[in-house]
Amino acid sequence: MKDLIRVRSLISAEVEMLLNQQVKKEAYSSAVYLSMASWCNRNGFDNSSDYFFKQAEEERQHQLKLYKYILDMGGNAVSPEVTGIKQEYNSFREVFEEALDQEISVTQSIKNIYARCLKEQDFVTNEFLNWFLKEQREEEYKARRALELFDVIGEEGTGRWQIDKHVGDIKYNSEA
Amino acid sequence: MVTTLIDPQASTWVDVFSTKQGAVYQSDAERCWYVDFAGKVARFDYRCLLKLKKAVYNVDIEAKLLETSKDPDVEIIFICACDHTYILTLMQIIALKELMEGTFVMLQLNSILQDRLYRIAV
Ligand SMILES: [Fe+2]
Ligand SMILES: [Fe+2]
């Protein structure tokens, strides 16, 4: 008996489902960053607002990358429903704390898909996911650096203004 | 409508899974499956077979069992963009679900076997 499912699609139903979940997570991240950009803008943190606008755009690109991969492999990419986006934050610092939490949860979820692919010996998808693993290094690094500014500079006096000023300068240029 | 009533034994269909209530056969040549259930044999390609599975799994059997309304206990399984519609009783839905579960387990098992065989042999 021929493996008709394999003929149709390179990825298994399980991996396809996990990748679609990831599409949703990236869409959610994008929406969260957009909300953070709005909050920062409304509260006078223009550089941070720009930073989050950029992040929102990046997350959208991540979403599309996964989406197209699913389709290219013969799967069914599902356009996600995104709900429950928090619109208000209690403090400037809280925004960055949640940004880091968000990135950590994305890294965990990519690791989870990676583990599943290893189990199935789906090396093709593993290779595809390598890009995301590397990306998460940068994403977590930037989020962590941003949060560190709060400790290094301190929030007193013109502290928040200083922090906002430096957020845009955070860059990850590791050769490793 | 592509419902055909060919005798399964007479053609090149391979048994995928069967229960007392029905059976699923695969045709390698046509790259499709034939589902023999509720008095008809219907042809499904992969996309439609997935939709059938999803439609059947989506019926909340427990809720239906607890329902006390006087509505007749039938469910219509309509699969969007495919040619088949099933009008089934609750008992038939349970039977079809069992058939789908077994079918997909067997297809998955076949995938695993083919993967292992071909990677070593070729
Ligand atoms: Fe991302
Ligand atoms: Fe990210």
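The model is predicted, so local features need pLDDT of at least 70 and side-chain atom pairs count only at pLDDT 80 or more, while totals for chains, interfaces and linings use all residues. Residues are numbered from 1 along each chain as written, chains are lettered from A and ligands numbered from 1 in the order written, and side-chain values use heavy atoms, without hydrogens or water.

First, the metal. Donors here are N, O and S atoms within 2.8 Å of the metal (3.2 Å for Na, K and Ca); water is not among the atoms, so sites may look incomplete. The iron ion (ligand 1) sits 3.3 Å from the iron ion (ligand 2), and A:Glu59 coordinates both.

Are these glutamates buried or exposed? Buried means under 20% relative accessible area, exposed over 50%, partly exposed in between (1.4 Å probe, protein chains only). A:Glu59 is buried at 1%, and A:Glu103 is buried at 0%.

Now the cores. A nonpolar core is a set of buried Ala, Val, Leu, Ile, Met, Phe, Trp, Tyr and Cys residues joined through side-chain atoms within 4.5 Å. The largest has 28 residues, and those touching the most other members include B:Trp33, B:Phe44 and B:Ile77. With contact meaning heavy atoms within 4.5 Å, and sequence neighbours within four places left aside, B:Ile77 is in contact with residues including B:Leu52, B:Val59, B:Tyr86 and B:Ile93. Another core, apart from this one, has 24 residues, among them A:Val32 and A:Leu149.
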